[in-house]
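Colleague: I would like to learn how to read a structure feature by feature. Could we go through one together?

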Amino acid sequence: MNARIIAEPPELSRDGDGQLATVRLWWRPGRGPERDFLGSTTFRFRTPVPLTEVGPEVSVSMALTPSLALGVPVECPVPVSRRFLRSWERMGAMMGAWFPGMKPLPVIAKPRDVPLEAPSGLEPGTGCYFSGGVDSWFTLSRLRSEITHLIYMDGFDMDLEKPVARRLSVDRLRTAAGETGLPLVVVETDARCLASRFFEPWRQYVGAGKAAVGQLLSPWLPRQFAASSYSWNESRKPVSSAHFLLVEGASTETLELREHGMATSRLSKVAALGEIPAALRHLRVCWDMLPDRINCARCEKCLRSMLELEIAGLLPSCKTLPHVIPPESVRDVKLPDHRNHMHDAWIGFEDWFRNFRPGSPLAVCLTEKLRRSEADRWSARLWSAGKELTRSNGWPALARALGSAAIETASRHDPAWMLRKTRRSAEQMKEALFWQLAGNHEGRLIRRIFQCWWRRDQ
Amino acid sequence: MNAITILPPQIRSTSGGTEVIFVARTPDGDARVRVAHSLADPPAIPPGMLGDAAMALFLLPAMRLAVPLEIQSPVSAGLLERAAVLQEIFGNWYPETFKAAVTVRAPVAAASTPGNARGCFFSGGVDSFFSVLKHRATLDRLVFVHGFDLPLSKTALRQEVASRLRAAAETLKLPLLEVETDVREYSDRHLHWGSHFCGAAMAAVAHLLSPWLGEVIIPATTTYAHLEPFGTHLYTDERWAGDALGIRHDGMEARRIDKMRAIATEDAARCHLRVCWENTGGQYNCGRCEKCLRTMANLRALGLLEAFPVFSEPLDLGRLAAMEVDHELIIPFLDETREAASAAGDEALAGVVRRCQLNHEVRILARQLTPLREALPEAPEWIHKAAPRFRDAILEACWSQDPGWTRQELSRHFATDPDAALNLLWKHDRWWLIRRTAFAWLRRRLPRRFRRSEATPPPADSP
């Protein structure tokens with residue numbers, strides 16, 4: 001195959017008092033020089049001293065997911081970090097295994113062993129990705145002595161078409177960062193526009209975006225921490241391209257990117273927020289970007305966070321979420337799929353409320369919610385297994401057991417169903433009923449029929 | 001004593017080799033672990049070699065016993081740092097087994113750099129052959145360990161296995177290094193070999209080979225799509241590395257069936273493939289155990305079973321269908337086999353594999369049904385409320401499977417109360433009821449000679 005995605009090194013330019021890094025991707029269909037513009041993305045950021053050099057890894061990171069989606073290798077005309085190229089072999093195979101249809105291909109570039117140089121006068125620091133959520137605050141609290149800057153990627157997990165809400169979100173984060181005493185580095189990007197041209201959902205691209213931002217800032221912040229949303233056990237179910245192996249795979253000779261927090265459960269992290277007053281004043285868990293409040297308090301993420309805070313005894317202290325959890329909101333929320341580790345969190349909530357707040361409206365609501373969810377799950381599982389089971393040798397015995405259970409319940413709750421379902425032998429069933437009623441005494445039955453008729457007219 | 005203390009290991013030169021003996025003072029008494037191999041005269045001994053091997057051997061047992069670990073030999077700085085992460089990982093995966101992190105105390109070894117030579121663990125299995133063939137050009141040595149999946153007591157079997165693996169290595173033109181260890185005599189008391197310890201044990205052996213090898217490859221058991229906790233794992237194997245030794249967990253990009261397809265072209269693999277751990281009757285590959293059965297199924301699905309004359313018995317489909325799936329990692333292997341068999345038009349094999357999977361599914365569902373049965377009579381309520389279409393589908397399936405039984409079961413539950421029966425018929429089919437009653441009444445009053453046939457009730461056992 002001769003087609004290539006050409007990832008040229010990013011162009012740096014001034015943008016007001018900051019800088020703009022523009023990544024352009026080109027599509028080269030054959031061996032010749034012709035190429036078509038594939039897409040571009042920009043990163044707006046500001047450093048104390050303007051960067052003079054941005055590694056080509058930024059462009060390669062942005063090109064990798066289109067490469068996987070289109071099944072075309074990426075080519076870079078300048079040398080790329082050897083460490084990153086070696087990581088890509090593994091990262092590509094992982095993406096290919098997790099997201100059907102993605103085909104991992106090598107990056108065609110010469111390896112480079114020399115790290116990027118920071119401009120003189122720029123003091124290297126340690127960055128921590130910060131979104132104002134539980135994981136971010138936890139990581140910040142545990143690594144506070146090492147971190148010098150907070151990093152926020154504006155345009156990643158929020159809708160690009162809500163500029164007002166985005167600006168408010170950034171302002172709120174700056175206020176929160178101010179309370180921690182750390183400066184907030186905002187990297188504004190439209191990477192999501194480029195991503196959405198190739199595939200949905202966003203979760204297949206978010207890792208590449210984080211990698212690109214990390215590599216962009218690496219001459220200034222050579223050490224960076226990303227707060228993990230999953231524990232070690234949960235990370236065995238790849239939920240997005242922000243898996244820790246993919247995030248850490250973005251490391252280069254210049255950049256050391258590490259995930260933090262995988263050993264700590266979500267509930268433990270929430271409980272730790274009690275030690276961070278600023279976190280409870282500025283906690284942001286919601287992705288809905290409402291202009292008038294930080295968290296909507298209606299979506300699954302908000303409700304889950306509220307329940308976690310309630311269990312930790314911190315909900316009354318949280319200034320960004322209501323202090324009362326309406327049971328009807330819990331009743332109406334759509335739970336994550338049972339294969340998602342967040343579903344396990346809801347099971348934990350139900351267990352806790354049933355044990356420690358028995359009989360409370362929330363406990364009752366959660367129990368019913370989980371029961372329905374479990375019923376749906378069991379039903380779906382049996383449905384798919386049932387189709388296969390009917391072809392197996394073990395089917396007759398299992399069918400009888402299940403059929404007995406179904407018929408027994410229906411006989412108590414839904415006898416009309418019984419009559420409908422015996423359609424096939426309705427006449428025989430009715431005949432059996434008739435004999436049960438009448439025997440050889442039709443006169444008695446006639447009297448009872450008249451009684452029924454009489455009651456109907458009353 | 002409430003700690004595990006690893007004394008400085010004894011290194012002895014034996015005839016044509018080296019023997020390292022670790023002595024550990026543990027809460028259960030002294031433990032002794034021996035590792036011997038046939039290399040001698042090491043070019044240089046990395047400062048952290050013994051401490052790193054001790055860390056790999058005893059960190060998990062210390063966690064299991066929840067006691068601090070003290071190693072009296074120097075340990076690589078990198079491994080000391082990663083020990084905390086390893087504890088996090090195992091503690092998160094197996095919270096019931098590893099209840100808390102333990103303190104590790106050891107002097108820090110002077111920095112060293114790894115050599116250039118590369119080795120690969122080689123058990124003769126599918127994963128081993130795949131990694132060896134993939135890295136053939138850059139490998140310097142294959143490493144086979146007696147005492148890992150092959151008990152030291154089975155001397156005859158060990159001799160056969162060793163001789164066949166030597167032959168395979170000769171065909172591959174790579175020297176085979178045989179290592180012997182009794183580590184499982186200690187580890188099996190506290191840990192599960194497959195789920196917990198096999199990766200750490202391989203790392204320990206690899207550290208003791210670090211004077212000769214700079215990097216060792218551990219062939220992967222699973223793919224990236226299956227990251228379930230296991231003793232040898234992408235997250236953990238590479239973290240056991242030290243300053244003088246790199247460890248690479250290799251081969252996750254290929255499914256087992258793809259690996260088999262890849263190794264089928266190699267004579268050494270076809271003649272000496274070894275997958276069996278149970279070795280029933282001392283056979284090289286018994287052909288009866290779960291591993292042999294699914295390997296043979298894979299090979300048959302690929303049309304390659306005849307090309308691998310390494311199994312003692314032919315593939316028994318009945319045995320395959322009855323095979324118990326005892327680990328969730330086996331499920332993807334069965335999926336791959338079923339897909340390949342269907343693609344190859346081998347519906348007999350695909351059907352058998354499907355049956356095996358369904359039996360597994362039924363066992364899981366039965367386990368889930370047990371608490372439901374205990375909660376009876378709630379369970380039927382739940383069934384009734386939860387899945388009306390499930391109830392419909394079950395009944396339709398029952399009708400098609402066994403109409404006689406279904407009719408009997410329905411009639412058994414069908415309106416046993418006469419009032420309910422009357423209400424039911426009155427509500428849903430009153431004109432039929434009236435016609436039928438009138439007909440029965442009139443018929444009884446007709447003279448016998450005018451009756452065409454006696455109206456008789458249906459037999460008691462069928463409505």
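Colleague: How many residues does helix α12 of chain B have, and how far does it reach from its first C-alpha to its last?

Modeller: First, the basis: this is a predicted model, in which local features need pLDDT of at least 70, side-chain atom pairs count only at pLDDT 80 or more, and totals for chains, interfaces and linings use all residues. Residues are numbered from 1 along each chain as its sequence is written, chains are lettered from A and ligands numbered from 1 in the order in which they are written, and side-chain values use heavy atoms, with hydrogens and water left out.

Modeller: Helices (H or I, at least four residues) and strands (E, at least two) are DSSP runs, numbered from the N terminus. The expected span of a helix is 1.5 Å times one less than its number of residues. Helix α12 of chain B, residues 330-343, has 14 residues and reaches 20 Å, close to the 20 Å expected. Just after α12(B), B:G345 takes a positive phi of about 80°.

Colleague: Which residues of α12(B) are buried?

Modeller: Buried means under 20% relative accessible area, exposed over 50%, and partly exposed in between, with a 1.4 Å probe and protein chains only. In α12(B) the buried residues are B:I330, B:P332, B:F333, B:L334, B:E336, B:T337, B:A340 and B:A341. As background, an α-helix has 3.6 residues a turn, so residues three or four places apart point the same way.

Colleague: How many of the nine residues of helix α3 of chain A are buried?

Modeller: Seven are, so helix α3 (residues 134-142) of chain A is largely enclosed by the rest of the structure. The buried residues are A:V134, A:D135, A:S136, A:W137, A:F138, A:T139 and A:L140.

Colleague: How many helices and strands are there in chain B, and what share of its residues counts as buried?

Modeller: Chain B has 17 helices and eleven strands. Of its 463 residues, 55% count as buried.

Colleague: Which residues touch the most other members of the largest nonpolar core?

Modeller: A nonpolar core is a set of buried Ala, Val, Leu, Ile, Met, Phe, Trp, Tyr and Cys residues joined through side-chain atoms within 4.5 Å. In soluble globular proteins, nonpolar side chains tend to be buried together. The largest core here has 131 residues, and A:F43, B:F22, B:F58 and B:W240 touch the most other members. Helix α1 (residues 49-65) of chain B gives this core its largest share, twelve residues. A second, separate core of 58 residues includes B:L142, B:V161, B:L273 and B:C292.

Colleague: What is B:M63 in contact with, leaving aside its neighbours within four places in sequence?

Modeller: Contact means heavy atoms within 4.5 Å. B:M63, found in helix α1 of chain B, is in contact with B:Q87, B:F90, B:G91, B:T97, B:F98, B:A100 and B:V102. B:M63 is buried, with a relative accessible area of 1%. One of its contacts, B:Q87, sits in helix α2 (residues 77-93) of chain B. B:Q87 counts as buried at 6% relative accessibility. Not counting residues up to four places away in sequence, B:Q87 touches B:L59, B:M63, B:A101, B:V102 and B:V104.

Colleague: Which residues do ring pairs link into a cluster?

Modeller: Rings of Phe, Tyr and Trp (its six-membered ring) pair if their centres lie within 6.5 Å; planes under 30 degrees apart count as stacked, over 60 as edge-to-face and the rest as tilted. The count over all chains is 16 aromatic pairs. B:W93 and B:Y94 form an edge-to-face pair, 6.3 Å centre to centre with 80° between the planes, and both are buried. The cluster links A:W232, A:F244, B:F90, B:W93, B:Y94, B:F98 and B:Y235.

Colleague: Is B:K173 buried or exposed?

Modeller: B:K173 counts as exposed, at 71% relative accessibility. Its place is in the loop between α4 (155-172) and β9 (176-181) of chain B.
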